[in-house]
Amino acid sequence: MNPGLRFLLKTRLPGGFRRARRKYAGRDGRILILGVSLLVAGIAVLQATSSSFVPESRIPSIRPTAAGIRAYAPFVLLLVAMVGIRPGAFYFKAAEVQFLFPAPIPRRQLLAYNILSRLQIVFLSTLWVGLFTVRYAATWYGGILAIFGLLSFNQLTAQLGGVWLAGFDPSPAARRRRWTGIALAGAALVAGFLATSSRTPTGIVDAATMLVAHPFAWALTAVTRPFVELFLAAGPADLLLHGGVAAAILGLEVLALIRVDQSHLERLAGAGGARGRSRKLRLARHRDPGDSVRNGSGLRIPGRLFPHWAGAGPLAWRQAQELARHPATLLRGGLGLFAVLPVLLFRLSSAGQDAAGLAAGSLTTALLMIPMMFDGADFRRDLDRMSVLRSLPLSAPALVMGQLIPTSIVIAGWMWIGSLMILAIIDLWSTPILYLVAMTIPPFALMTTAIDNWLFLLMPYRIRSQDPGETTFVGRLTVVMSIKALVIVAAFGVSVAATFAFFTWVVPSTVLAGVVACAMLSVCCIPMIWGVTRTFQRFDVARHAAE
Amino acid sequence: MIRVQQFAKEFGGQPAVDDLSFEVAPGSILGLVGPNGAGKTTTLRALAGILPPTRGTLEVAGHDVVAEPLEAKRKLAFVPDVPHLFEHLTVWEHLEFSARIYGVARWEAAAADLVREFELDGREETLADELSLGMSQKVVMCCALLHDPEVLLLDEPLTGLDPRGIRTLYRALGRRAQAGASAVLSTHLLAQIGDLCDRFLILKEGRRLVYGSRVDLRASLPTLEADASLEEIFFEATEGERGLGGERPR
């Protein structure tokens, strides 16, 4: 390999740590690092000792068993790997394109560097994910190996799938044909499953249980199964066998990747017409290509729908336009739900008696995840426009509200859909609950959007993959989710206590209790909005935003 | 030496550059000018081996960029319009990285000279994301010049540079040209390249409009005065009478 590529690989992790150390050298940075360190230490202690908090008799019902992991994990992992795929050729950072493409380096070496540099990050992600999961493995080293293998599998599968999909005709007609084919194949699969099943499932949970036991399902998940077996391998022979198969799968993926490689700028440029081409090339040069190649729909939202509202209206209109023109951003919320659903089904089928607790946990996870999927129409998309935003003659609170409201509305919509789905699955469908959900979700959506933006302005780094299958954001995502969970639990605690007190001592009315819950959550939004406003005012454009 | 013959580049069936031919002799600096979307960056990127041509041949220092990409790339340096650096590397590490990429032995002395020349001394241990745009552009220039390339391709390299930085860049380019290097400089700052470049190529919508020395350009546009400036030549070539008559495109 070219010595320059080796140098880049060698310096990547130490250089990244050095950069973080310098960036957080100030007082605020030290406080942040201390907070995150305490959080990680707390998670580690909780993970190491969690069984002691739970009565022994209940452990089997709430801890995943080897049989449960063996049955469901291959599905969940396959689904996660598939969700990571989106069309796009090999992704190289702008600096890599600038320095490496004109340099005398063979293309294969570039690909090898690309894969190796991402596997370095996978190693870090492994340590982080292992913190939460390795206690379920038969041995810690088997667990770490399996997690590393799985994350690598996700990375390589997403790259392979992305490169493969990028080779398809991007015209709308071809896309329609492709989706029709996928829908027909899905229908054929379901029909085949029902036709070959010994009995009719009694419900969605029963259907999930039957599905994982079906021989076809075993064939479908053959690629993820060796990693799960490695995770559960207790003896050296099993470790060697499953580790060897897992390594062979990864090796085959690398070989396939090198074979189907295509020039990423060529694909980028070829994905649209003349007008789109010039825009995409310009964006590809100036911004992260992974984020810049989305096709806009050209939809126009009438500006009159957004009155001035002290300046918040035009900003909200701009963000709404951004959302409307990129329907993929709108649909991304659904991914959060689909990511939670298999986990929920898995847990329900193995521990049906804990339905209420599981519902609460899953609901919270879904509600926490959904806002994470949207970073397309608020401060998180406007990092390179911060100078412009700061120069607008608007009050900071109005500007912040204009930035947050459209995303909050979309998130509220997805949260309603997600809540209804989960309530239906766990059979908690009743008018008072539906009413409470309807009342509390709008302020809750605004609160979560505000927290996400607040944390982003404090630490302006992305928490979503920019490269298919890339996992560098996982650590930051978990930290952000943990902080968010703490804040939400506090806000909910205040809201529930006030609602309960009102219901018990003032008026025992569900309608009014809903109003009180909504009002309390709205009050809790105020410090969040204040926090975003203050952080926006103090945001150091010179340090964090590109000119 | 740069030789481009009947070069064409299409994106999704749409031509970005069409039937373009020109040469840059050793010691010569070509000013590549044209309105936005004329195909300047595409031409430079194709010459640098970043984009493959749809048709035609591109030669750098006697090597075909498509047939012998590694040989051609060893001889060239490419400076883009917006500098993108590796955020985890310092200024000095960027130079070390470039030296390793191109196999430059005993690079430290040359790197120190470049750092001094581009007024980056004292910034050697600064991380890339702590640099201003102009400083970043200077780092890219230093990296590009470190392996003493025979061919320099500069795509609007003046972005963010202060007047002294621009002067330093011009002097460095002039010295390289005197030493026998060929250079292509794409820019919109016509007034500033008149004295630096000895030949000019004006593109519009991917096609060559005029090409040659300033005298050649004036001769090819008979409506121009004998002392017409490069800016007047540009407007006459790209917009005809509209450009010279004071009526500017909307």
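User: Which helix gives the most to the nonpolar patch?
Analyst: That is helix 23 of chain A, which supplies three residues. Please keep in mind throughout that this is a predicted model.

User: And which residues make up that nonpolar surface patch?
Analyst: The patch consists of A:Trp505, A:Val506, A:Val507, A:Val511, A:Leu512 and A:Val515, and its area is about 570 Å². Two elements give two or more residues to it, namely helix 22 (474–506) and helix 23 (510–538) of chain A.

User: Is A:Trp505 buried or exposed?
Analyst: A:Trp505 belongs to helix 22 of chain A. Its relative accessibility is 67%, so the residue counts as exposed.

User: Staying on chain A, where is A:Thr431?
Analyst: A:Thr431 is part of helix 21 (residues 431–458) of chain A. With 64% relative accessibility, A:Thr431 counts as exposed.

User: What does B:Arg3 form a salt bridge with?
Analyst: Its partner is B:Glu23, and the closest N and O atoms are 3.1 Å apart. The pair links distant parts of the chain, with B:Arg3 in strand 1 (residues 2–11) and B:Glu23 in strand 2 (residues 14–24) of chain B, 20 residues apart. B:Arg3 is partly exposed at 27% relative accessible area, and B:Glu23 is partly exposed at 36%.

User: And B:Arg207, what is its partner?
Analyst: B:Arg207 forms a salt bridge with B:Asp18, the closest N and O atoms being 2.7 Å apart. Here the two residues are 189 apart, B:Arg207 lying in strand 10 (residues 207–212) and B:Asp18 in strand 2 of chain B. Salt bridges that share partners also join B:Glu10, B:Asp18, B:Arg55 and B:Arg207 into one network. As for accessibility, B:Arg207 is partly exposed with a relative accessible area of 43%, and B:Asp18 counts as partly exposed at 25%.

User: Strand 2 keeps coming up. What is the strand order in its sheet?
Analyst: In chain B, the order is 2-1-4-5, in an open sheet of four strands with antiparallel pairing. Strand 2 and strand 5 (63–64) of chain B stand at the edges; each has a single partner strand, so one side of each lacks a neighbour in the sheet.

User: How many bridges pair strand 4 with strand 5?
Analyst: Strand 4 (residues 55–60) and strand 5 of chain B pair in the antiparallel sense over two bridges. B:Glu59 has B:Asp64 in strand 5 as its bridge partner.

User: Which way do strand 9 and strand 10 run?
Analyst: Strand 9 (residues 199–204) and strand 10 of chain B run antiparallel and are joined by five bridges. B:Leu203 stands opposite B:Arg208 in strand 10. The hairpin of these strands has two residues between them, and B:Glu205 there takes a positive phi near 50 degrees.

User: What covers strand 6, and what does it pair with?
Analyst: Strand 6 (residues 76–79) of chain B is covered on both faces: B:Leu76 and B:Phe78 on one side are buried, as are B:Ala77 and B:Val79 on the other. It pairs with strand 7 (residues 151–155) of chain B in the parallel sense over four bridges. Within that pairing, B:Ala77 has B:Leu152 as its bridge partner.

User: Last one: which residues gather in a patch of negative charge?
Analyst: On the surface, B:Glu225, B:Asp227, B:Glu231 and B:Glu232 gather in such a patch. B:Glu232 lies in helix 9 (residues 230–239) of chain B and counts as partly exposed at 36% relative accessibility.

Note on methods: Residues numbered from 1 in each chain as written. Chains lettered and ligands numbered in written order. Predicted model: local features only at pLDDT ≥ 70, side-chain atom pairs only at ≥ 80, totals over all residues. Heavy atoms only, no water. Patch = residues over 30% accessible without salt bridge, like charges linked within 9 Å, V, L, I, M, F, W, Y side chains within 5 Å. Areas by Shrake-Rupley, 256 points an atom, 1.4 Å probe, with all protein chains shown as cover. Salt bridge = Lys/Arg side-chain N within 4 Å of Asp/Glu carboxyl O. Lys, Arg positive; Asp, Glu negative; His and termini not counted. Charge placed at Lys NZ, Arg CZ, Asp CG, Glu CD. Buried < 20%, exposed > 50% of the residue type's maximum accessible area, 1.4 Å probe, protein only. Pairing = 2+ DSSP bridges.
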